[in-house]
Amino acid sequence: MSKSFRIGIAGLGTVGVGVVKIIQKNADLLEQRCGRPIEIICVSARSKDKDRGVDLSAYEWVDNTEDMAGIDGIDAVVELVGGSEGVAYSLTKQALENGVHVVTANKALVANHGYELASLAEGRDVSLSYEAAVAGGIPVIKALREGFAANRISSIYGILNGTCNYILTDMRETGAEFEDSLVEAQEKGYAEADPSFDIDGVDAGHKICLLASIAFGVKPEFSAVRMTGIRRITGIDIKFAGELGYKLKLLGIARDQGGKLNISVEPCLVPNSSPLAAIEDVYNAVFINGDFVDTPLLTGRGAGEGPTASAVVADIIDLARGFKVPTFGIPADKLKDPVFIDQGEILARYYLRLSVVDQPGVIADVSAILRDYNISIESMVQHGRAPGQAVSVVMTTHKTKYIDIESSCVLIAELETLLDFPCVMRLEDEL
Ligand SMILES: NC(=O)c1ccc[n+]([C@@H]2O[C@H](COP(=O)([O-])OP(=O)(O)OC[C@H]3O[C@@H](n4cnc5c(N)ncnc54)[C@H](OP(=O)(O)O)[C@@H]3O)[C@@H](O)[C@H]2O)c1
């Protein structure tokens, strides 16, 4: 029998336990596919005594997780601890320095330290694999890095956070407000007790940062990703979007605009006819625009034990087969520094929701400010009349530069009849 591929699993939470289950249950299949057995030789987590619902008795327990990098004969460390710093970072770095492959599901780690770690891995002729870090069970890293490698990519749009997609779907279907749908997501186990990484767009930011690096051959630069989450979205926005023929989605956007990159996460209005509008609940999707492949859409479950562990084991299988590609598709020393487009220069159509006192002249004042910035209004919706009371007015614009929308909103907010700063969101009609 061929020599087994020997791995250590660091982190035995949701994903770590899922990986153990797959390797135990599908051992024969994995052996056939790799041409040799995959053997777990050691495991580690914080607490040795916790019952994790799987039999770990055959594996060496590593008390100090970071020591796993130096275990004799280990071929790959599977890092499933999480976090961009601490144990995850030091274990990964040490393993790569020791010439040991690393498989991880840790988007924060790769988005923050990807260039350094990729350089280290490639210098030692080992892999840093992270399929599970983006969109869980959907093999989007492999698709972009290998399947679509023949294409020049012009844009990627992704629904990359299942928690946010669940909340936005629930708000639309039930008419609930954001806070109520968040509680519902927490009760169903779709949102953490502290949900800020998800709802503020940070999680999706890590993911789109990685996809942009592969698509455009640039170093991942997470600190430059602009992120706006979904906290400010109200039931009224969802309703108005519906009336205008759109759904609200939190999109990760990576777009090449004339050689400059727009990498952001923001709530956008997506037309009902777009395939992305059909992605509901906790599902994820990635829409890629390549010059020859056209616009493939990959969709599936973006998180959870089974789908995420499935992606981790796929990376382990690749390594056991001896298959290796550069971390970001091209050698790390050939990755360019990204050049970002100035946010103000981004051309798009916009949705503007104004909370105003319903009195004569309000719309004329707003229109005059927009006209001064050369912003033309495409449509306007107001629900009923309530003289002297607060009402919401929604306008959609033709294509305009963000700087003009931003500047006009500052002036609009100063009008006496405005009750709140305007809510501005991008309309993504070309999806
Ligand atoms: N869950 C998902 O659906 C999902 C999807 C995609 C990607 N990911 C990524 O996968 C990774 C793991 O996520 P998870 O959901 O499995 O996390 P989790 O359930 O919280 O598990 C984390 C594991 O790491 C261990 N751990 C934490 N701090 C440690 C430390 N200082 N030293 C040693 N072990 C430590 C914990 O030990 P104890 O069990 O003893 O406390 C636990 O076993 C993260 O990078 C996450 O972003 C998760």
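I checked strand 9 (residues 246–257) for cover: 10 of its 12 residues are buried. Buried here means under 20% relative accessible area with a 1.4 Å probe, protein chains only. Strands are DSSP runs of E, at least two residues, numbered from the N terminus.

The model is predicted: local features need pLDDT of at least 70, side-chain atom pairs count only at pLDDT 80 or more, and totals for chains, interfaces and linings use all residues. Residues are numbered from 1 along each chain as its sequence is written, and side-chain values use heavy atoms, without hydrogens and water.

Next I looked up pairing, which takes at least two DSSP bridges between two strands. Strand 7 (residues 153–159) runs antiparallel to strand 9, with 4 bridges. Tyr-157 stands opposite Ile-253 there. Strand 10 (residues 260–271) is also antiparallel to strand 9, joined by 12 bridges. I found Gly-252 opposite Val-265 in this pair. The hairpin of strands 9 and 10 has 2 residues between the strands, and Gly-258 takes a positive phi near 60 degrees.

I listed polar contacts, pairs of N or O atoms within 3.5 Å:
- A backbone N or O atom of Leu-12 is 2.8 Å from a ligand oxygen.
- A side-chain N or O atom of Lys-107 is 3.3 Å from a ligand oxygen.
- A polar backbone atom of Gly-304 is 2.7 Å from a ligand oxygen.

Note on methods: Buried means under 20% relative accessible area, exposed over 50%, partly exposed in between (1.4 Å probe, protein chains only). A polar contact is a pair of N or O atoms within 3.5 Å; within protein, one must be able to donate a hydrogen and the other to accept it, and residues adjacent in sequence count only if both atoms are side-chain atoms.
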